[in-house]
Amino acid sequence: MPPDNSPLSLTAISLSLIAAFYLYSLPLQGELAFWRPPFVLLVAAYWLLVQPHYVGITFVWFCGLLLDLLYGNIIGQNALAMSVTAYVLTTQGYRVRHLSLPFQCPAAMLIVMLYQTIWMSTRLLSEDIVLGWPIFYPALSGALTWPLIAGGLYHLRRIFR
Amino acid sequence: MLMLAVVSLTLIAIDSLTPWLRPAHVWLEPLAQPFQWASTLPMRWREWNEESLESRAAIIANNDKLETEVLVYKAQLQRMAELSAENQQLKSLLNGAELIKNNVIVAELTGISPDPFRHFITINRGASDDIKEGLAVIDGEGLMGQVVKAFENHSRVLLITDSSHALPVYNLRNNVRSIIEGTGDFQRLRLRHVSPTQDIQVGDTFLSSGLGQRFPSGYPVGTVSAINKDPGQAFIDVSISPAAKVDRSLRLLVVFTTVETLDNYSQPISSPMKKSPGLSNASGQ
């Protein structure tokens with residue numbers, strides 16, 4: 001399959017990221033809020049793997065920066081966590097890309113765990129958050145929703161080709 | 001990569017230690033508004049459903065109920081006028097020179113923070129409605145939080161259930177003062193440093209005491225839901241359920257506290273105290 005260089009794939013990327021930002025901001029009742037998968041990270045990671053000439057670490061860094069600015073976090077926290085995660089992902093990209101879907105889910109879980117660890121560590125510097133297992137709930141829910149995200153983005157990519 | 005990491009670490013340091021990046025937050029806030037608004041869509045949809053898919057009979061019944069409620073409140077308000085007049089009179093007898101008056105402005109919830117570790121909401125009133133940082137926000141049932149950032153047309157409110165929030169309160173039953181802090185759980189607050197011998201029971205109501213100079217006094221904060229006495233601990237563990245519907249209210253009130261001087265009373269008391277501190281006792285009696 002030749003790489004698709006049409007500007008349409010840029011549309012697909014931006015549409016999916018807007019959807020990810022929207023999903024990220026949906027309110028969830030009480031405890032459920034801890035289970036929200038980091039949609040922006042997962043969507044960005046998908047594009048990082050399948051469209052590496054459009055989406056690089058800098059792009060992911062800007063996504064993280066936007067996330068910080070939009071939700072009033074301390075600027076740079078998400079940017080750092082997401083760009084380091086993206087870097088690790090690109091170094092392992094040749095492995096991850098060839099995994100079948102059932103094996104992609106644990107990979108997504110590891111990615112989200114790494115992201116959460118970095119993000120929470122930077123947050124601990126300036127905020128008093130209650131540490132506990134809830135920090136890693138998004139990793140589990142991210143792994144469970146990964147087939148949906150990957151499938152949805154695959155179809156989106158086929159529409160905008 | 002290293003470059004980006006260094007840049008983000010620098011940004012984190014600058015933003016957490018200095019106020020230099022505040023303008024960036026203010027400029028980019030309007031960008032977040034559509035997302036914030038969209039985030040309340042499910043709540044709005046549920047409310048719209050309840051409002052517009054009800055049967056005529058249910059609406060009439062509801063209307064009747066509301067009319068009765070208004071009547072009851074009006075009757076109570078009549079007493080209230082008399083009581084506040086009496087209160088004013090008593091205060092003037094006690095040489096109190098000012099009366100605290102709370103005005104409110106109605107605000108609507110426009111956004112909820114997606115971060116489960118911080119309890120922030122956004123309301124649709126901002127600096128253009130004279131909203132300032134530190135104003136208290138209540139709903140129909142009790143105290144909800146305080147404004148922590150006022151933008152032009154909206155502001156961000158920190159809820160009392162946030163784990164970094166604490167406020168001074170007193171027990172309605174016996175006036176014992178205490179401090180309530182948030183736990184990060186919408187359904188639970190916690191009393192801080194309660195000694196095992198303190199008179200406190202399940203069901204006690206706590207009101208804001210106004211001692212922190214931040215919240216107006218007398219608004220319900222919560223009721224004691226459980227007391228856990230562990231003999232090995234120096235303090236007992238008191239759980240409070242918040243009076244306000246912290247995670248459900250869509251319409252809120254922002255409270256402006258204004259201090260009014262009692263105009264029907266001239267105050268000679270404060271002046272002698274200032275002039276001769278030694279005589280303050282004598283003038284008091």
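How many residues does the contact take from chain B and from chain A? In this predicted model, local features need pLDDT of at least 70 and side-chain atom pairs count only at pLDDT 80 or more, while totals for chains, interfaces and linings use all residues. Residues are numbered from 1 along each chain as its sequence is written, and chains are lettered from A in the order in which they are written.

The contact (C-beta atoms, placed from the backbone, within 7 Å) takes 35 residues from chain B and 33 residues from chain A. On the side of chain B that touches chain A, α1 (2-17), α2 (22-39) and α3 (41-52) of chain B each supply at least two residues; helices are DSSP runs of H or I of at least four residues, and strands are runs of E of at least two, numbered from the N terminus. With nine residues, α2(B) gives the most to this side.

In chain B, six strands form a closed barrel in the order β6-β7-β8-β11-β10-β9, with antiparallel pairing; strands pair if DSSP finds at least two bridges between them. Strands β9 (residues 205-208) and β10 (residues 220-228) of chain B pair over three bridges, and B:Thr205 has B:Thr223 in β10(B) as its bridge partner.

Methods
Two residues are in contact if their C-beta atoms, placed from the backbone, lie within 7 Å.
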